[in-house]
Each structure stands twice: as C-alpha cells, then as structure tokens.
Amino acid sequence: MKTTNLGYPRIGSKRELKKALEQYWSGNTTIEPLLDTAKAIRKENWLLQQEQGIDLIPSNDFSLYDQVLDLSTTLGCIPERYQALASNPSFSSYDLYFAMARGIQKDGIDITAMEMTKWFDTNYHYIVPEFTKDQVFKVSADKIINEYKEALSLDIKTKPVLIGPVSFLLLGKEKEGGFHRIDLLERLLPAYENILQQLSDVDAEHVQFDEPYLALNLSEKEQRAIHQTYANFVSKFPNLKITVANYFDCFGANIDTALALPVHTLHLDLVRCPLQLDDILESNKLNSYTHLSLGVVDGRNVWKNNFEESLKLIQKAVDHLGSDRILIAPSCSLLHSPCDLDLETKEENLSAEIKQWLAFAKQKLEEVATLKALANKENLSESLEKLRKNSEVHAYKKTAGLIHNQKVKQRLSSLTQQDDQRKSPFPVRQRLQKEALDLPLFPTTTIGSFPQTKEVRSWRANFKKGNLSAEEYNTLLEKETQETIEFQERTGLDVLVHGEFERNDMVEYFGEQLNGFAFTSFGWVQSYGSRCVKPPIIYGDVSREAPMTVKWSAFAQSLTQKPVKGMLTGPVTILQWSFVRNDQPRSETCTQIALAIRDEVVDLEKAGLKVIQIDEPAIREGLPLRKEDWNKYLDWAIKAFRISASGVNDETQIHTHMCYSEFNDIISNIADMDADVITIECSRSQMELLDVFATFKYPNEIGPGIYDIHSPRVPERAEMVALIEKAAKQIPTEQLWINPDCGLKTRHWPETREALIEMVAAARECREKKSVLA
C-alpha cells in the first residue's frame with residue numbers, strides 16, 4: 001500500500017508567491033526574484049511531502065497564476081489577439097502569460113484579459129481556454145519537464161500532474177460557430193503524446209491526469225473520447241503508470257467508462273461520495289490490474305479526519321483487492337486547503353478547543369501517512385496511540401457545548417412561509433422605489449468596495465496590533481470614507497457606497513461579528529492569481545449579537561443627499577466561502593446565517609438606508625455537479641437569500657450581485673430570488689452572459705458590468721458605450737443599471753478614478769442618445 005497526493009498549495013505558507021507576483025506586476029522587481037520565490041516554494045513543498053511520508057509526490061501542480069492557463073500556454077493555445085505579443089521580441093513569455101490572465105495596457109498596446117470562471121463548485125477561478133474551429137495545438141513550453149527535473153535534482157522522483165485532454169477541452173469555450181470543442185480532441189492528442197514522450201525519455205514512472213469532468217453528466221461521445229484517449233496513451237506509453245483522477249463527486253453514469261479505462265490507477269473522491277466504493281467493488285468490472293487511489297482525507301475542508309471511518313473504507317477495498325492495489329490519498333488537490341495549522345499560535349484567533357478539530361494541508365499529509373500505517377499495521381504502538389487520540393477528539397466534538405445553541409435551533413424551527421416573502425410583488429415595489437429614489441435612466445453605481453490601499457491596510461494592521469487607538473483608527477476611516485463619498489459625488493454616480501475601508505474581506509468581516517465562527521492568522525487559500533482569501537471556519541450554530549455594518553453605512557449616508565447602499569454578504573456566499581461544519585446539513589447552517597443577515601438588513605433600513613445590497617456571487621458555484629441534484633440545493637439556497645432580504649418595506653430596494661458564473665440553467669431560480677436589482681459580471685464575455693436574461697425576459701432590474709475590474713486596464717468611453725448599447729438591445733432600458741463587473745478593492749485609485757469617470761460619462765452619453773431617439 002502506498003500514499004499519494006494530488007497537488008499541494010502553491011501560494012507559500014505565508015503568501016510568499018502573492019507578494020512576489022505583486023512586486024513584479026508593479027515594476028518594483030524583475031522576473032528573476034519572482035522565479036526564485038517560485039522555485040523556493042516548490043522545493044519546500046516537495047521536501048515537506050517527502051518528510052511526511054508521501055510516496056507519490058506531484059509536480060507541475062505549481063503555477064504562477066493558474067494551472068489551466070499553464071496548460072493553454074504549454075499547448076500553444078494562444079488566442080489571436082495576443083499573437084502580436086508572442087512575436088514581439090520586447091515582450092517575454094511571462095509578459096504574454098500575464099497579459100492573457102490580466103489583460104495589458106502598455107506602450108500603446110491595449111488587449112483584454114481572457115475570461116475567468118469558477119473551477120467546478122469551488123471558489124478557485126481558472127482562465128477559460130479559447131478555441132477556434134481550426135485550432136492548432138503545439139507544445140511550446142517546457143514547464144512540465146523542467147519542474148520534473150527540478151524535483152529530480154532534489155532526489156525526488158515526482159508524479160507529474162496534467163489536466164486530462166477531455167477535461168481541458170470541456171473547460172474551454174468555442175470562440176466561433178460550426179464546431180464543438182470536443183471535436184478538437186484528435187488534433188490535441190499528439191501534443192499530449194509529445195509531453196508523455198518527453199516524460200518517458202527522462203524515466204518518469206507515474207503520470208496523473210485530472211479528469212474532473214468524469215464527475216459530470218457526460219454525453220456518449222464524451223465518454224468514448226475519455227476511453228479512446230487513455231487506451232491510446234496506455235498502448236503508446238506502456239512504461240508510464242497512468243493515474244486518472246476524478247474528484248468533487250462520484251463517477252455517476254460514467255462509472256462503466258471509468259472502470260473500463262486500461263490505466264494503472266483510478267482516483268476516487270470518497271469524502272464527497274463514499275458510497276461509490278461499494279458500487280465499484282461489487283460491480284466486478286474493475287480491471288484486474290487497476291489500482292484504486294482512495295481519497296479519504298478531505299482536501300477541501302479543514303476538519304480532522306475520522307480515522308475509524310476512513311479505515312472502514314480502506315479495509316473494505318483491501319478485502320476485495322489486496323493491499324498492494326490500494327493507495328491512500330486526499331480527496332482532491334490540497335490547493336483548496338490552508339497550508340499549515342502549526343502556524344496558528346494565537347489563542348485569541350483560534351482556541352485550543354477548536355484547533356484540536358482541525359487539519360490543514362501539512363497535517364492532512366500526516367493523516368494520509370498515519371492511515372497507511374494503521375492499515376498496514378506499521379509502527380503499531382505509535383499508530384494506535386494516534387488512533388486513540390483521534391477517536392477521543394471526535395467523541396468530544398459530538399457533545400461540545402461550544403458548538404450548539406438551542407435558541408438558534410428554536411428560531412430555525414419557528415420559521416414560517418411568510419418569512420421568505422416580500423410584502424408586495426416586484427411591480428408594486430418598483431413603482432414605490434422609483435418614487436423614493438428618483439434615479440435617472442441608466443442609473444450608475446459600483447458594486448461596493450473601493451481600493452484598499454497600503455495605507456488603509458496598515459491602519460487596520462496597526463489597530464489590531466494596538467499601535468493605533470480605536471479613536472485614531474475611526475478618525476482615519478471617517479476621513480477615507482468622506483473622501484470616497486465626495487469623489488463619487490464629483491464623478492456623478494447616482495447610488496453611492498461607503499467604500500468598505502473597515503473590512504478585511506467580504507466574508508471574514510461578517511464572520512468576525514457572528515457567533516459560531518473562528519479565524520486563522522495564516523489560513524490563506526488561492527482564489528485566483530495573487531488573490532488569496534482567508535475563509536472563516538464555521539464550527540457551531542450561527543447568530544448575530546449586534547449590528548455589524550450600520551455604523552459605517554449610516555455615517556456615509558449622513559454625508560450626502562444621494563442614496564448610499566448598505567453592503568452585505570449573502571448567506572449562501574458566507575457559507576460557500578467559509579470552511580463549513582460537517583456535523584449538520586449545510587442547508588441548516590445557511591439558514592442560520594440568513595437569519596443573522598436578515599436582522600442586519602432590518603437594522604440598516606431603520607438607520608435610513610434606502611438601498612441595501614446582499615451579495616451572492618456564490619449561488620451558482622454551490623450547485624452540485626450533476627443537474628439531477630440541483631433542485632434540492634436551489635430550494636434551500638434561494639430560500640435562504642429570500643429570508644435574508646424579506647424583512648424590509650417595499651420602498652427599500654434590495655440589490656444582489658453575482659460574478660463569474662453561467663446563469664443559463666438556473667435563470668428561473670435567479671428570478672425566484674426576487675431581488676429588485678441584480679448586478680452581474682459581463683464585460684469579459686462581451687455581454688454574452690446577458691443573453692439568457694433577455695431570452696428569459698428577466699422581470700426585475702439588472703446591471704450588467706461594463707468594465708473588467710480584475711484587469712488593470714482602463715477601458716475607453718466608447719468601449720463602455722458600445723457595451724451599454726449592446727445591453728440595451730437585449731434588456732428594456734428602464735430595467736438597466738450601469739456598473740463595473742465587481743468590487744474595486746483590489747484596484748488602485750488612479751485607474752479606478754479614470755475608469756469610473758469614463759463609466760459615468762458613458763452612461764450620460766447613452767441617456768442623451770436615448771432622449772434624442774425618444
């Protein structure tokens with residue numbers, strides 16, 4: 001029996017990669033320090049996994065930005081608009097790479113970034129490959145081989161990890177009509193074979209192909225493509241031991257295809273779907289030579305593994321197949337897990353009682369190794385002591401008073417049907433809100449946050465360290481808020497925001513003020529590129545003791561006659577972007593959060609806020625991977641949002657915001673949320689995401705984002721006018737709002753000012769055109 005790992009966090013235990021990236025992007029360093037940092041992180045990761053007892057250690061799981069973008073560049077899959085950069089000797093391959101990820105506006109060059117969307121049902125974002133009908137694939141980068149050799153220089157023979165060919169194609173988008181991207185497989189496979197040949201030439205033994213689309217409902221054509229791909233690889237490279245990894249769900253209807261694959265190892269996610277092990281073992285369809293990689297340690301959550309439960313699954317597999325055909329593994333790549341629990345030394349952040357229930361990436365590797373030792377009956381005295389302690393921790397957790405709050409449970413059980421309904425239907429509310437707010441055609445607003453400068457972040461850090469008094473800190477925040485309100489008024493925005501300078505993160509900020517949440521000092525995970533988030537840990541019943549946002553929203557409203565939006569994060573997003581307790585249904589935890597947000601919404605209305613935004617960017621992300629499981633999730637998720645939004649009067653306008661999601665299949669559920677206004681990301685897709693709202697005849701108001709805030713480029717006014725006019729052809733003008741794609745927290749002030757001035761000017765130009773046409 002061996003241990004294997006599918007991937008390890010690449011940001012560094014203290015976000016070293018983020019800092020190096022941002023120094024490079026700002027022009028403060030050359031590429032060499034960034035590459036040195038990357039190399040140091042890879043070395044640390046490989047040595048750590050070796051020390052923890054992992055037999056098959058991954059390589060090529062590291063990325064400077066995103067693993068899908070890495071593969072696009074490796075395969076020469078470069079969209080046409082970047083070809084001028086690729087052939088320009090003054091631009092390096094790294095300039096091209098980051099231009100694809102972030103866009104570029106430099107030296108007269110102005111190119112938009114590639115589209116970005118969520119990686120299955122996680123909060124990780126990947127760069128969407130773009131395909132044309134005559135797409136050419138050609139291996140044009142040697143990252144995979146170089147990193148394999150880099151590990152080999154440390155005497156570590158790694159298992160290179162690649163996204164499988166079928167999943168790579170399905171992750172992308174066709175950029176012209178007349179073909180389906182899966183039709184490109186025949187052209188793509190020779191490039192993969194080139195990579196496998198290079199790995200074979202350097203005596204690689206194991207190769208891991210991630211095919212997470214095996215967890216979705218594949219067509220017969222796609223299933224055949226999977227089988228033909230790996231039958232081809234195995235026949236051409238018999239010396240390579242190929243693993244096909246599926247995660248985030250079962251194989252489902254793809255199970256026969258998966259079991260028929262002539263590969264060395266199949267990886268199973270037994271955290272998300274433990275029952276699939278019985279289906280596989282009892283089917284007698286598994287090839288006699290195929291190994292099973294049992295993903296029993298949760299790669300996506302922070303809770304300590306229950307050794308007794310995992311050992312039952314392992315023993316069941318051993319009884320059927322023998323121990324030599326079993327590998328022990330995390331359920332998926334540990335990319336989605338914080339790095340190291342040992343760094344959490346502050347009791348005030350994470351109490352010892354809660355910490356005993358947790359395991360981060362480093363500790364999960366130790367769990368994998370311990371499970372192997374227990375299953376093999378190795379180091380028996382030490383292993384049995386670990387099992388005893390593990391059992392004690394889980395037994396105590398079931399009854400811990402810290403977790404359970406009877407008042408919260410009682411309130412949940414007392415909910416009625418009226419609690420998730422607004423008082424009047426939308427047409428009535430819309431009329432009352434127009435009278436109350438008196439907004440122009442194409443009203444302008446932003447999504448909420450404004451740039452969190454180094455100064456703002458330093459104030460918060462110094463306040464937490466005790467270097468600033470509460471009075472000094474509040475004075476600085478008041479000044480920043482006032483200047484932001486004044487800027488918005490000068491710019492001519494119609495609905496203002498306070499800027500959120502007091503907030504560290506859109507989920508963490510709320511979790512810090514809610515019961516049932518715990519926090520870490522170094523529990524960072526990558527969201528995209530250099531963007532890292534530090535998810536709260538929901539360990540117990542959730543409730544709100546006091547208002548969380550009223551002070552700053554009311555202060556901002558007191559500075560202006562224009563409406564200011566109260567800004568909140570919705571219950572589903574708080575749930576999705578936290579590490580959620582695993583001892584009760586997620587629906588119950590979500591409804592507890594919804595009630596807490598409802599109390600905040602009511603208090604904001606009482607404080608004079610006429611517009612309140614409840615962000616729900618994670619609604620789509622939370623969907624189960626298979627459509628047959630969607631309705632159950634959507635029932636409780638949409639209801640949770642409505643509970644949070646339905647405690648106010650008709651005159652109060654409720655906004656929500658969603659970004660980087662496909663809405664086609666859930667548009668009726670989005671409408672069921674009954675938000676008065678929804679704002680969505682639309683600019684990277686050139687308003688493609690708006691098509692479904694138009695076809696559906698979305699009844700409420702909508703703000704399609706007209707510029708991309710995830711790129712530093714500032715779009716020209718004409719570009720934004722064109723997008724507004726494109727939107728106006730699909731959505732009635734009286735329903736349209738004008739706004740950026742998302743919050744402006746990660747941007748800098750110069751580009752923010754310039755972009756918003758142009759955005760408001762674009763809205764005014766469209767108003768004037770509309771007036772003339774009328």
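This report covers a helix, a disulfide, several strands and a few single residues in a predicted model.

## Ground rules

Residues are numbered from 1 along each chain as its sequence is written, and side-chain values use heavy atoms, with hydrogens and water left out. Because the model is predicted, local features need pLDDT of at least 70 and side-chain atom pairs count only at pLDDT 80 or more, while totals for chains, interfaces and linings use all residues.

Helices (H or I, at least four residues) and strands (E, at least two) are DSSP runs, numbered from the N terminus. Buried means under 20% relative accessible area, exposed means over 50%, and partly exposed lies in between (1.4 Å probe, protein chains only).

## Helix α15

Helix α15 spans residues 380–397, 18 residues in total. From first C-alpha to last it reaches 26 Å, close to the 26 Å expected at 1.5 Å a residue. The expected span is 1.5 Å times one less than the number of residues.

Which residues of α15 are buried? They are S383, L387, N390, V393, H394 and K397. These residues cover an arc of only 125 degrees around the axis, which puts them on the same side of α15. The arc is that of the directions from the helix axis to the C-beta atoms. An α-helix has 3.6 residues a turn, so residues three or four places apart point the same way. The buried residues of α15 pack against α12 (307–321) and α14 (361–376). Contact here means heavy atoms within 4.5 Å.

## The disulfide

The whole structure holds one disulfide. A disulfide is a pair of cysteine sulfur atoms within 2.5 Å. C250 and C273 form it, with their sulfur atoms 1.4 Å apart. The torsion about the S-S bond is about 65 degrees, so the disulfide is right-handed.

The pair links distant parts of the chain, 23 residues apart. C250 sits in the loop between β11 (241–245) and α10 (255–260). C273 sits in the loop between β12 (265–269) and α11 (276–283). C250 is buried at 13% relative accessible area, and C273 is buried at 10%. Two further cysteines are buried: C590 at 0% relative accessibility and C742 at 16%.

## A five-strand sheet

Five strands form an open sheet in the order β19-β21-β22-β23-β24, with parallel pairing. Two strands pair if DSSP finds at least two bridges between them. The edge strands are β19 (565–569) and β24 (701–704), each pairing on one side only. The twist averages 20 degrees from one strand to the next.

Five bridges join β19 to β21 (residues 611–615), and the two run parallel. K565 has V611 of β21 as its bridge partner. Helix α17 (residues 426–437) lies across β21, β22 (653–658) and β24, and runs at about 65 degrees to β24. Axes are lines fitted to C-alpha atoms, for helices over the stretch in contact, and angles run from 0 to 180 degrees between N-to-C directions.

Is β14 enclosed or open? Five of the five residues of β14 (residues 326–330) are buried, so the strand is largely enclosed by the rest of the structure. Strand β1 (residues 2–3) pairs with β14 in the parallel sense over two bridges, and K2 stands opposite L327. Strand β13 (residues 291–297) also pairs with β14 in the parallel sense, over five bridges. There, V297 has P330 as its bridge partner.

Strand β11 is mostly covered, with four of its five residues buried. Strand β10 (residues 206–210) pairs with β11 in the parallel sense over five bridges. H206 stands opposite K241.

## Single residues

A607 lies in the loop between α23 (586–606) and β21. At 33% relative accessibility, A607 is partly exposed. A607 and S553 are 54 residues apart in sequence but 8.6 Å apart in space, C-alpha to C-alpha. Leaving aside neighbours within four places in sequence, A607 is in contact with V550 and A554.

Most residues other than glycine have a negative phi. R15 has a positive phi of about 60 degrees although it is not a glycine. R15 lies in the loop between β1 and α1 (16–25) and is buried at 19%. K377 also has a positive phi, near 60 degrees. K377 lies in the loop between α14 and α15 and is exposed at 59%.
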